[in-house]
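Biologist: I have a model open and would like to go through it with you. Can we start with a helix?

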Amino acid sequence: SNAVEIYELEKTYEGGTRALKGIELSIAEGDFFALLGPNGAGKSTTIGILCSLVNKTHGTVRVFGHDLDRDRAWVKSQIGVVPQEFNFNQFEPVEEVVINQGGFYGMTRKAAKKRAHELLKQLGLYDKREGMARALSGGMKRRLMIARALVHSPRMLILDEPTAGVDIELRRGMWDFLTQINKQGTTIILTTHYLEEAEALCRNIAIINEGRIVEHSSMRNLLAKL
Ligand code: ADP
Ligand code: ADP
């Protein structure tokens with residue numbers, strides 16, 4: 001089955017903004033997929049619905065063959081999310097941010113700690129694990145968010161503008177890390193308004209504009225057209 005299938009997805013926020021006007025989208029398991037589009041196009045709303053952070057107004061969403069409305073808890077357990085804003089507890093030690101997230105998914109502290117250490121090593125944060133999260137640089141906080149999202153080994157990782165505010169060298173490091181976990185089988189979806197980022201990472205893309213999908217193709221075909 002596909003990682004994601006979306007039909008007739010609509011979202012109208014309270015106050016009347018029609019953020020999504022009938023999205024149709026499918027994303028294969030194992031894909032590295034970018035949702036591209038200008039600010040305000042509806043990217044965050046779309047992934048917010050996938051992650052159950054935003055309620056849809058209309059439409060059908062399936063994740064790994066499971067209907068989001070019917071199997072919401074199961075769907076959540078399959079997804080790791082890296083939102084744009086730093087929303088972890090800044091006054092906790094770095095490793096606790098990751099370990100506590102494991103607790104939300106029913107992992108034992110021992111298993112979560114082992115996994116946290118593994119991820120912090122891969123992301124270059126292991127030496128910082130006992131310091132306060134607050135003391136990390138912006139790029140390190142971004143990587144901590146990625147470690148936290150992966151603690152329960154989800155089948156799908158969703159990142160909202162993952163390298164916003166990250167300088168070019170750190171960005172390459174993050175790209176390498178994401179490429180590696182995608183090769184290990186994790187489906188990755190990211191939103192970006194940088195075509196270069198999508199080009200560096202992604203096999204398939206959709207472009208969203210004013211709440212509608214205006215292009216859905218392989219990265220290669222898109223580049224050939226430009
Ligand atoms: P993008 O991620 O592509 O920048 P968004 O999904 O954040 O786009 O926003 C799509 C539209 O929905 C925009 O017009 C935005 O102002 C509006 N919007 C987003 N979040 C909310 C919200 N919580 N309440 C009301 N309107 C919102
Ligand atoms: P619940 O069903 O109890 O609301 P969720 O399954 O939504 O819990 O989330 C489990 C935990 O994951 C939450 O308690 C929260 O700390 C964390 N979480 C939820 N959404 C996000 C997110 N967008 N980014 C990071 N962590 C999140």
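**Helix, ligand, sheet and cysteines**

Biologist: Which residues of H1 are buried?

Modeller: Lys43, Thr45, Thr46, Ile47, Gly48, Ile49 and Leu50 are the buried residues of H1. Buried means under 20% relative accessible area, exposed over 50%, and partly exposed in between, with a 1.4 Å probe and protein chains only. Helices (H or I, at least four residues) and strands (E, at least two) are DSSP runs, numbered from the N terminus.

Biologist: What sort of model is this, and how are things numbered?

Modeller: This is a predicted model, in which local features need pLDDT of at least 70 and side-chain atom pairs count only at pLDDT 80 or more, while totals for chains, interfaces and linings use all residues. Residues are numbered from 1 along each chain as its sequence is written, chains are lettered from A and ligands numbered from 1 in the order in which they are written, and side-chain values use heavy atoms, leaving out hydrogens and water.

Biologist: Back to H1: how many of its residues are buried?

Modeller: 7 of the 8 residues in H1, which covers residues 43-50, are buried, so the helix is largely enclosed by the rest of the structure. Ser52 follows H1 and has a positive phi, near 65°.

Biologist: Now the ligand. Which residues are around ligand 1?

Modeller: Tyr13, Thr17, Ala19, Pro38, Asn39, Gly40, Ala41, Gly42, Lys43, Ser44 and Thr45. A residue counts if one of its heavy atoms lies within 4 Å of the molecule. H1 gives the largest share of this shell, 3 residues.

Biologist: Which polar side-chain or backbone atoms lie by an oxygen atom of ligand 1?

Modeller: A polar backbone atom of Gly40 is 2.7 Å from a ligand oxygen. In the side chain of Lys43, an N or O atom is 2.9 Å from an oxygen of ligand 1. For Thr45, a polar side-chain atom is 2.5 Å from a ligand oxygen. On its own, ligand 1 has 560 Å² of accessible area, and the protein covers 61% of that. Accessible areas come from the Shrake-Rupley method with a 1.4 Å probe.

Biologist: Next topic. What is the order of the strands in the open sheet?

Modeller: The order is S2-S1-S4-S5, 4 strands with antiparallel pairing. Strands S2 (18-27) and S5 (66-67) are at the edges with a single partner strand each, so one side of each has no neighbour in the sheet. Two strands pair if DSSP finds at least two bridges between them.

Biologist: How many bridges join S1 to S2?

Modeller: S1, residues 4-12, is joined to S2 by 7 bridges, antiparallel. Val4 has Ile27 in S2 as its bridge partner. The two strands form a hairpin with 5 residues between them, and Gly15 in the turn has a positive phi of about 105°.

Biologist: And S1 with S4, over how many bridges?

Modeller: S1 and S4 pair over 5 bridges, antiparallel. Glu10 has His58 in S4 as its bridge partner. S4, residues 58-63, is in turn joined to S5 by 2 antiparallel bridges, and Arg62 stands opposite Asp67 in S5.

Biologist: Last one. How many disulfides are there?

Modeller: The count is 0 disulfides, where a disulfide is a pair of cysteine sulfur atoms within 2.5 Å. Cys51 is in none, and its nearest cysteine sulfur, that of Cys202, is 16 Å away.

Biologist: Is Cys51 buried or exposed?

Modeller: Cys51 counts as buried, at 10% relative accessibility. Cys202 also counts as buried, at 7%.

Methods
A polar contact is a pair of N or O atoms within 3.5 Å; within protein, one must be able to donate a hydrogen and the other to accept it, and residues adjacent in sequence count only if both atoms are side-chain atoms.
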